[in-house]
Amino acid sequence: MPLIQPLDDRKIIADENLSIEDGAIAGPEFHANRCCPIGVRIDVPYKDLTAKEKEIVLHGKRAKYAVDFHTSTGRVFSTENTLYENAYDAVYESLKSVKSDRAMAKVNSFFHFSTCPTCHGTRLNPALLTQTVGGQNIAAVSNLTLGALEDWVRATKADLPDEMQQMATILFKNLLETLQPLLELGLDYLTLSRNGNTLSTGELQRIQLARTLRTATTGVLYVLDEPSVGLHPDNVEGLIHIFRQLVAQGNSLVVVDHEVNIISQADWRLKLGQKLGAKGNK
C-alpha cells in the first residue's frame with residue numbers, strides 16, 4: 001500500500017517562469033486574484049517572488065479578505081469576505097470532493113507516493129508480522145491468490161497442535177465455503193489484499209453473486225448485465241451453477257448476455273432488436 005508523502009512544490013508549481021495570473025500554479029481551485037490583498041504579486045514570474053510571498057502562496061493562513069475581481073470586459077466586482085486558500089489547502093480540499101477516477105488521477109498527480117519503510121506497505125504494526133500461521137504472516141496470507149488459499153489451509157492445519165484442530169476445522173470450513181463460489185466464478189487470481197476500486201465491473205458483479213449466494217436470499221429478482229464479460233470459457237459452467245443455486249433458493253434471474261452456453265440454459269429467452277421473433281420490429 002503506497003504512503004502519501006507531503007505535497008511536492010515542484011508538482012504544485014507548473015512553471016516558475018510564469019506569473020501567478022498566467023498559470024504558474026498547477027494545483028486545482030487556486031485563485032490568483034485572492035493573492036493580491038495579502039501581499040503577493042501575481043504579475044511577475046513566480047521565480048522572482050520573495051521567499052515570504054512563496055510561503056504565502058503555498059502555506060498562507062486560511063482567512064477572509066476584501067478582494068476586487070477583474071473580469072475580461074474590464075468590470076470590477078468587489079467582495080468583503082473572500083476566502084483565501086493556499087495552494088496546498090486547495091489540493092487537499094479537492095481530494096475531499098473528488099467523484100471520478102479521472103478527477104482522482106488529476107489530484108493524485110500532485111502527491112508523491114512511496115512505500116512505508118516501517119510496515120513495507122502492509123499498514124500493520126511490524127510486531128504483528130513476526131507472528132506466523134502455516135509458515136506465513138498475515139500480510140503474506142493477504143497477498144495469496146484465492147486459488148492458493150486451500151493449500152495454505154492444509155499447511156496451517158498440519159502445523160497446528162491437536163488441541164486447536166477442532167477450532168481450526170470450524171474456522172476453515174466457513175472460509176472454504178465462502179471461497180468455493182468465487183473459485184467457480186473464475187476469480188482464483190484475485191488476492192485478499194486487492195483494492196476494491198481496482199476491480200472491473202465484471203469482477204465486482206461476480207463477487208456480489210457469490211456474496212448473495214452465501215446470504216441465502218429468497219424471493220428476489222436479480223438483473224445481471226453480461227456477467228460473463230472477462231470470464232474464461234472454462235468458468236462459464238461455474239457461473240451457470242451459481243445461477244442455478246440462486247434459482248433453487250427461490251429467486252428469479254434476468255440475465256443479459258451474449259454467451260451461447262448461458263443463453264441455452266435459460267428457462268425463457270427474450271430477443272430484442274430488429275427482425276427478431278414472429279412479431280419483431282421491421
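## Packing of α7 and α8

In this predicted model, helix α7 packs against helix α8 (residues 201-215) at an angle of about 135°, and the two axes are 8 Å apart. Angles over 145 degrees count as roughly antiparallel and those from 65 to 115 as roughly perpendicular, so α7 and α8 are classed as oblique to each other. The crossing of α7 past α8 is right-handed.

On the α7 side, the contact is made by Asn174, Glu177, Thr178, Pro181 and Leu182. These meet Ile207, Ala210, Leu213 and Arg214 of α8. By residue class, the contact of α7 with α8 holds five nonpolar, two polar and two charged residues.

## Aromatic pairs

Two aromatic pairs are present in the structure. One joins Tyr92 and Phe111 edge-to-face, with 65° between the planes and 5.8 Å centre to centre. This pair links distant parts of the chain, its members being 19 residues apart: Tyr92 belongs to helix α3 (residues 87-97), while Phe111 sits in the loop between α4 (101-108) and β4 (113-115). Tyr92 counts as partly exposed because its relative accessibility is 35%. Phe111, at 2% relative accessibility, counts as buried.

Trp152 and Phe172 also form an edge-to-face pair, 5.7 Å centre to centre and with 85° between the planes. Trp152 lies in helix α6 (residues 149-159) and Phe172 in helix α7 (residues 165-184), so this pair ties together parts that are 20 residues apart in sequence. Both Trp152 and Phe172 are buried.

Methods:
Residues numbered from 1 in each chain as written. Predicted model: local features only at pLDDT ≥ 70, side-chain atom pairs only at ≥ 80, totals over all residues. Heavy atoms only, no water. Phe/Tyr/Trp six-rings, centres within 6.5 Å; stacked < 30°, edge-to-face > 60°. Helix = DSSP H or I, 4+ residues; strand = E, 2+ residues; numbered from the N terminus. Buried < 20%, exposed > 50% of the residue type's maximum accessible area, 1.4 Å probe, protein only. Axes fitted to C-alpha atoms, helices over the stretch in contact; angles between N-to-C directions. Parallel < 35°, antiparallel > 145°, perpendicular 65-115°, else oblique. Left-handed = near helix turned anticlockwise from the far one by under 90°. Contact = heavy atoms within 4.5 Å. Nonpolar A, V, L, I, M, F, W, Y, C, P; charged D, E, K, R; others polar.
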